[in-house]
Amino acid sequence: MQLTGAQALIKSLEMEQTEVMFGLPGGAILPVYDPLIDSSIRHILVRHEQGAGHMAEGYAHATGRPGVAMVTSGPAATNVVTPLADAYMDSVPFVCITGQVPYSVIGTDAFQEVDTVGITMPITKHNWLITDANDIPRVVREAFHVATTGRPGPVLIDMPKDVANQTMTWHWPDSVDLPGYKPNMKGHPKQIKDAARLMGEARRPVFYVGGGILKARAAEALRELVESTGIPVVTTLMARGAFPDDHPLCLGMPGMHGNYTAITAMQESDLLIALGSRFDDRVTGKLDGFAPDAKIIHVDIDPAELGKVRRPDVPIVGDCRLVIEELVKAVRAEKNKAEKGGAAWPALDAWIAQLREWQERYPLHYEQVEDGPLKPQFVIDALRDNTPDDTILASGVGQHQMWAAQRWQFNHPYTWINSGGLGTMGFAVPAAIGAKVGRPDRMVWAVDGDGCFQMTAQELVTASAERIPVKIAILNNAYLGMVRQWQELFYEERYSEVYLSPDLPDYVKWAEAMGCVAFRVDTPDDVETTIQKANEVDDRPVVIDFRTDYREKVYPMVAAGTTNSEVILDPAHDRPGGRD
Amino acid sequence: MATSEMSGKHHILSVLVENKFGVLTRVSGLFARRGFNIVSLAVSPTEDERFSRMTIVVDAESAPLEQITKQLNKLIPVIKIAELHPDEAVERELMLVTVKAAPEVRSQITELASIFQSRIDDVGHDAITIQVAGAPQKLDAFIDLLQPYGIVELQRTGLIALPKLARRPAKLRAVKNRAV
């Protein structure tokens with residue numbers, strides 16, 4: 001069968017079971033948009049290419065399938081750089097296709113020419129410049145394979161216009177031949193045995209669970225491991241929902257804005273079992289003071305993560321799900337051995353009692369005064385309590401993200417979608433849209449900041465046009481709140497370039513202009529009823545402009561450059577009767 | 001002037017890669033992004049033309065080097081990486097050097113060249129170009145000795161290396177037995 005390169009590309013995407021792609025056409029990618037008309041693939045026309053990238057990410061986060069975006073060359077390619085970098089940091093499977101000027105004129109500074117492969121080399125797992133249309137099926141197959149296996153990540157295919165127009169003979173490769181790419185899936189049996197033994201000997205162990213659990217579809221396996229050991233769990237920002245918050249052994253989120261118990265459990269631990277986590281600086285605080293007494297078991301599919309930050313006592317390279325399943329068996333064997341001798345395995349009663357005491361003594365805290373300004377935490381709590389248990393929550397980056405991560409009850413995996421590693425403001429709106437496209441059966445809310453919202457709000461036009469009913473809660477405190485918080489605490493309240501204004505733009509009018517239903521809420525009394533009204537809208541996006549108290553800060557906090565032993569609690573706790 | 005003094009921070013990496021365009025950029029870019037200076041780099045296709053071998057000499061402490069080899073391993077076109085310890089590798093480097101050689105000193109220079117088992121590749125009225133191969137230290141010494149005459153131009157290839165062949169005692173014994 002003779003096809004054009006463009007037809008071959010679309011057909012290859014269909015072969016990879018692509019059901020939807022996010023994109024925006026332009027000169028160099030024009031040939032590929034033509035056969036798209038006849039394809040089964042749904043295309044969602046975005047308003048900015050960054051939106052296409054984040055939608056693909058949101059889709060991937062929510063479904064576990066690779067997100068696909070397609071844009072043209074030059075400025076379109078540079079506009080997807082941010083989502084590619086975001087997906088690279090958070091290991092999101094994302095296949096990006098960019099148009100390129102004809103191969104015959106590459107290197108001549110042609111109109112809308114940019115070295116896309118060169119620019120995206122450090123922020124993709126791999127990328128390809130196609131020089132011959134006959135390579136298209138093989139490259140697409142390789143791209144999906146690389147994006148979704150091992151440690152997932154973004155890949156990019158750069159498609160010159162003349163290659164898209166070239167005639168090729170269709171053939172679909174049976175297999176992928178990449179001699180330099182063989183992810184190690186199975187953990188080493190001896191290391192797994194050693195890990196199980198250490199888990200039995202520990203007196204203050206903690207499972208330090210990261211986003212890798214979700215990428216490996218290992219949430220169920222993890223639950224079995226936790227319940228067969230009785231060891232408590234912290235879930236990092238990328239792993240919220242990987243272990244249910246309503247489980248008695250879940251301690252919640254550690255890190256710079258984690259809760260006191262989760263932070264301190266890690267800090268006082270004698271054994272950290274890191275599962276698909278990477279000792280990020282926002283989790284460890286000042287590294288040389290981090291968990292000083294802890295031995296480390298580190299499980300990751302990426303060998304480069306083992307020893308990158310903290311040298312593990314037991315390194316295990318492998319897929320989290322497969323390793324955890326083996327760990328469960330090894331743990332049972334150790335347990336049987338110990339219990340025959342009449343010993344508890346592991347002996348954790350004192351540790352659990354200590355954790356309960358911390359939880360009781362240092363809960364998350366804020367105060368909503370009845371006639372006072374609306375507290376952002378009050379909004380998050382109301383949203384949490386007035387939405388279905390399996391609601392997917394997306395967020396941007398900043399204070400609102402931390403409050404959401406702290407206070408939401410994530411009882412199911414794949415219900416929390418945010419930008420962790422790169423910290424991309426503006427992530428929430430397009431990511432929520434992508435998630436809703438992937439999971440139309442679920443309610444999808446985004447908690448966003450006013451600063452973040454202004455970066456990518458135009459994608460609500462996309463959502464309205466495509467009838468994608470996402471719901472956006474703007475915590476509008478009229479400030480770049482997290483920056484303001486740092487200036488208040490660490491720059492002597494010298495506020496530099498952080499004020500945004502609560503009503504410029506008018507968020508309600510703006511949202512309505514974009515085809516959304518919009519509400520404004522100023523008082524605690526209206527919060528719940530307005531959320532309920534928003535929940536009833538199912539044919540278009542909804543935006544609620546919550547006017548929140550700009551003075552509210554995110555606590556607890558571990559200040560930059562300090563160790564996790566120096567948790568700053570909220571002011572109420574720092575008064576007498578608070579932390580000793 | 002290049003010096004190849006093998007300090008404790010020098011490491012030789014032998015990297016087998018797919019022979020495709022852009023692979024050198026991926027590899028060298030990774031070193032650059034992590035702030036490592038490549039001391040020398042030699043690359044050419046292997047006996048199997050689908051693959052190329054890069055010999056990279058890099059200046060780094062062991063711990064960061066471990067991280068960079070792990071990162072290199074993650075590159076899709078990188079097939080295999082071996083760190084070659086100087087005691088367990090055959091190392092060679094090639095150098096072309098043009099040195100001022102007025103007729104009255106020319107014989108001194110050709111004498112030096114013959115001591116270093118090098119070859120005169122080109123002769124002009126007042127300069128000659130010499131080709132010399134060997135361990136980097138030998139090349140350094142040769143440069144030192146030529147310096148007083150005036151080096152006009154110099155190009156070194158950078159180190160190339162292969163692991164030393166494993167000794168096979170069993171076979172050696174067989175040879176010995178036959179001799180007896």
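The following conversation goes through a predicted model and asks how its descriptions rest on their definitions.

Mentor: In this predicted model, local features need pLDDT of at least 70 and side-chain atom pairs count only at pLDDT 80 or more, while totals for chains, interfaces and linings use all residues. Residues are numbered from 1 along each chain as its sequence is written, and chains are lettered from A and ligands numbered from 1 in the order in which they are written.

Trainee: How do you know that domain 2 of chain A is in contact with domain 3 of chain A?

Mentor: Two residues are in contact if their C-beta atoms, placed from the backbone, lie within 7 Å, and 13 residues of domain 2 of chain A are in contact with 13 residues of domain 3 of chain A. On the domain 2 side there are 7 nonpolar, 3 polar and 3 charged residues, where Ala, Val, Leu, Ile, Met, Phe, Trp, Tyr, Cys and Pro count as nonpolar, Asp, Glu, Lys and Arg as charged, and the others, Gly among them, as polar.

Trainee: Why are E10 and E13 of chain A said to stand at the edges?

Mentor: Strands (E, at least two residues) and helices (H or I, at least four) are DSSP runs numbered from the N terminus, and two strands pair if DSSP finds at least two bridges between them. The open, parallel sheet has the order E10-E9-E11-E12-E13 in chain A; strand E10 (233–235) and strand E13 (314–317) each have a single partner strand, so one side of each is left without a neighbour in the sheet.

Trainee: What makes E12 and E13 of chain A a pair?

Mentor: Strand E12 (residues 295–300) and E13 of chain A are joined in the parallel sense over 4 bridges, and the definition asks for at least two. Within this pairing, Val299(A) stands opposite Ile316(A), and Asp300(A) has Val317(A) as its bridge partner.

Trainee: Which residues of E13(A) point one way and which the other way, and how are they called buried?

Mentor: Val314(A) and Ile316(A) point one way, Pro315(A) and Val317(A) the other way, and all are buried, that is, each has 20 or more other C-beta atoms within 10 Å of its own, whereas exposed means 12 or fewer and partly exposed lies in between, with C-beta atoms placed from the backbone. In a regular strand the side chains alternate between the two faces of the sheet.

Trainee: What makes the 206 residues a nonpolar core?

Mentor: Such a core is a set of buried Ala, Val, Leu, Ile, Met, Phe, Trp, Tyr and Cys residues joined through C-beta atoms within 7 Å. Of the 206 residues in the largest one, Val209(A), Ile213(A), Leu222(A) and Ala473(A) touch the most other members. Leaving aside neighbours within four places in sequence, Leu222(A) is in contact with residues including Val209(A), Ile213(A) and Phe243(A). A second, separate core of 13 residues includes Val97(B) and Ile128(B).

Trainee: What is the pattern of chain B along the sequence?

Mentor: Chain B has 5 helices and 9 strands, following the pattern β-α-β-β-α-β-β-α-β-β-α-β-β-α, and buried residues make up 26% of its 180 residues.
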